[in-house]
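I opened this structure to look up its aromatic rings and one of its helices. My entries follow.

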Amino acid sequence: MRSLTRLDTGWTFHTAFSPELITAIAPGTAVRLPHNAVDLEMTYLDERCYQQEFGYQRILAWQPEYAGREISLEFDAAMANAVVWVNGRQVAAHKDGYTPFSARLTGLLNEGDNLVTVKIDGSENPEIPPFGGQIDYLTYAGIYRDVWLKLTDAVSIANLKVETSSELSDAKGVRVTGFMANPTQVAFTGNALVELCTVDGKVLHYQTTAVSGTSFSVVFDKLAGLKLWALDAPQLYLMRVSTTTSAGTDQLSTRFGFRTAAFTAEGFFLNGQPLKIRGLNRHQSYPYVGYAMGRRAQQKDADILKHELKCNLARTSHYPQSTYFLDRCDEIGLLVLEEIPGWQHIGGQAWQDESVENVRRMIERDWNHPAIVSWGVRINESADNHAFYSRTNAMARELDGSRAIGGIRCIDNSELLEDVYTMNDFFNGAGPEWLAGREPVPLRAPRAVTGLDHEVPYLVTEHTGHMYPTKRFDAEHRQAEHVTRHLQVLNTAYGNPVISGAIGWCMFDYNTHKDFGAGDRICHHGVMDIFREPKFAAHAYASQCSPDEQVVLEPVTYWARGEKDRCDVLPIIVLTNCDYVELKVGDFAPKRAEPDRARYPHLPHAPVIFDSRQVNMNDLGAWGMLWRDAIFTGYIDGKAVASVAVSGNPLPTTLQLQVDDTVLRSGEKDSTRVIVRALDQAGRPLPFLDDIVTVDVSGAAQLLGPRMLPIKGGVTGFWVETTGAVGDIALSVSTTRLGTQRLSLRAE
Ligand code: GAL
């Protein structure tokens with residue numbers, strides 16, 4: 001039987017690698033995994049600081065239970081070009097920074113202390129995807145995912161593949177393939193027990209089969225009473241496989257679900273029903289610590305996409321992301337488009353060979369996730385390359401016949417080897433109509449892009465992003481335009497049945513190279529900032545959900561007399577799923593506005609726009625007159641269901657301290673996000689307040705990043721991480737003008 005132990009403690013980190021580390025333990029810094037080799041500043045950082053070799057060492061003390069077992073270290077990922085030695089012998093080399101790899105230690109361990117040494121190289125080695133050109137994101141060095149010690153018998157289960165069929169009927173089918181690991185090539189015979197279980201392990205159906213070679217399969221058919229995996233009810237099942245052979249026993253389980261996902265020339269269908277994809281792109285990065293965030297933070301991003309942004313799909317731009325993120329997508333019903341590492345540049349033969357291997361590793365790791373509906377098998381936005389992409393497509397088709405293949409491109413008329421024409425359409429704001437001041441064309445018609453004489457499955461995989469970078473603390477008119485551009489694209493996607501949907505660029509702001517972004521090493525392209533705090537544009541997405549799920553009412557305004565040009569307060573866009581909205585200013589009679597279906601005929605929930613059609617500027621209090629409080633009220637079926645008050649006299653009133661989780665896990669590097677908001681009397685963030693937050697964290701957690709943080713756009717944020725100790729965590733934030741707030745958390 002296998003055992004799997006997380007090896008997150010006991011590592012020594014070396015800021016420079018030297019060959020002596022291969023054979024002798026040397027003094028360094030004690031670290032836990034996941035680990036970021038060089039913590040960064042949040043702005044104006046020098047991204048070259050991690051582009052070098054680093055070393056990790058760990059003593060693996062012999063345990064009696066190692067005797068006679070297969071033993072390996074399983075790395076979930078390391079950035080990048082990792083080489084692993086044990087007791088001076090090289091046992092693994094893995095170039096890719098995003099996929100797992102294994103280092104076999106069997107037969108190389110002494111009955112005493114054993115030295116494990118890992119070299120990683122953060123330099124942008126042009127031999128390794130995504131490197132070789134410029135890339136618009138950072139690839140932070142480090143062993144930034146978990147490492148496991150795995151013990152098995154001589155023969156074990158290497159991987160499981162679960163393929164469903166007849167999903168929409170009440171006679172569902174499942175084929176389970178088990179792939180055996182047999183490193184010493186022993187002859188063996190035995191059996192596998194294959195159990196289809198509820199997710200908590202209750203057996204619903206089972207079969208047994210003989211096992212002797214490299215793989216085995218069983219097929220279940222006519223399964224009645226099983227539920228579909230759907231976005232609003234993401235039913236998961238567990239496939240548990242136990243092998244008993246002459247060369248040992250093993251057990252491995254995987255979760256899976258029953259669903260169909262089809263991209264057609266008439267749009268996307270989930271479980272046979274049309275579904276317009278409304279998604280956002282996600283990088284896996286965080287301020288200061290880069291990629292090195294564990295389970296909870298990864299899961300949280302999926303929750304934010306689903307529950308706060310009300311998206312139905314995430315694209316893992318531009319690489320395979322943490323399985324904690326993907327597992328969470330399975331659990332909450334969030335679709336995923338996953339893709340191989342790369343950004344515009346295609347390297348030489350060895351580079352391409354590695355990229356084809358990345359397709360294999362990505363699919364073999366993730367083929368059982370029901371959330372994943374498509375594999376991206378082109379280098380994001382690269383040129384056509386028939387020979388190379390024939391190989392990546394062939395690899396994907398061979399490994400997984402069930403999912404649509406995409407390949408993200410930005411050039412028109414590019415060759416379609418895939419099932420879906422997945423296009424980054426950044427036309428909004430670039431087209432001649434826009435420049436000439438005419439009504440814009442937010443997305444082009446698919447055939448104008450594909451150059452084909454017929455429609456094909458078509459999905460917009462990026463839009464808006466760098467065409468309109470917007471900081472969360474930018475001026476109101478810019479925020480409103482940012483909102484408008486996202487709405488226009490969504491409206492166009494909803495209005496064209498050929499377009500399966502649109503995935504915006506992007507979920508949140510991210511650190512990047514000097515060649516991109518606002519010079520501060522941040523691409524302010526998110527609908528949220530780097531702390532995942534929403535910009536107004538976030539509500540353009542959220543407001544598309546049904547009010548039965550959540551009533552959304554978000555006026556895109558700082559409500560100030562003189563913030564916009566000419567001191568115009570109007571127009572004010574209200575992002576909402578209400579039937580209509582009333583705006584009441586001071587004692588004036590309320591003004592009512594309906595959703596602007598003329599401008600946004602296709603959106604599930606067009607925004608309400610207050611402009612001179614409904615409101616006379618003099619009724620607001622013209623320039624030079626008294627500026628008043630106001631209240632926006634949203635109505636559904638004639639009833640007031642939500643309201644937002646705005647102050648005509650905003651003053652710093654409340655320091656809001658909000659933490660995502662109050663109970664953390666001490667047994668792993670567990671982190672939670674803290675948001676600090678400076679609010680006025682009405683509870684709105686003060687967009688232009690100058691103040692500093694001083695953070696204190698004591699007890700069983702530590703602060704990630706600096707202690708003093710500037711409030712920007714009324715908000716700042718940080719993460720705290722458990723230290724390994726069990727106990728209370730005291731958190732306090734202090735400002736000059738708003739005093740101190742405290743919270744207690746606990747690490748258990
Ligand atoms: C795309 C690219 C993304 C990001 C985006 C910015 O071209 O695929 O990674 O750079 O532009 O809008």
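**Rings, charges and a helix**

I began with a cluster: ring pairs link Tyr50, Tyr98, Tyr137, Tyr140, Tyr144, Tyr291 and Tyr319. Rings of Phe, Tyr and Trp (its six-membered ring) pair if their centres lie within 6.5 Å; planes under 30 degrees apart count as stacked, over 60 as edge-to-face and the rest as tilted.

The model is predicted, with local features needing pLDDT of at least 70 and side-chain atom pairs pLDDT 80 or more, while totals for chains, interfaces and linings use all residues. Residues are numbered from 1 along each chain as its sequence is written, and side-chain values use heavy atoms, without hydrogens and water.

I found a count of 30 aromatic pairs. I looked up Phe179 and Trp367: their ring centres are 5.8 Å apart and their planes at 25°, so the pair is stacked. Phe179 lies in strand E12 (residues 172–181) and Trp367 in the loop between helix H3 (349–366) and strand E24 (372–376), so the pair ties together parts 188 residues apart in sequence. Helices (H or I, at least four residues) and strands (E, at least two) are DSSP runs, numbered from the N terminus.

Is Trp367 buried or exposed? Trp367 is buried, at 7% relative accessible area; Phe179, at 29%, is partly exposed. Buried means under 20%, exposed over 50%, partly exposed in between (1.4 Å probe, protein chains only).

Next I checked helix H1 (residues 295–308). Its buried residues include Arg296, Asp301 and Leu305. Just after H1, Lys310 takes a positive phi of about 55°.
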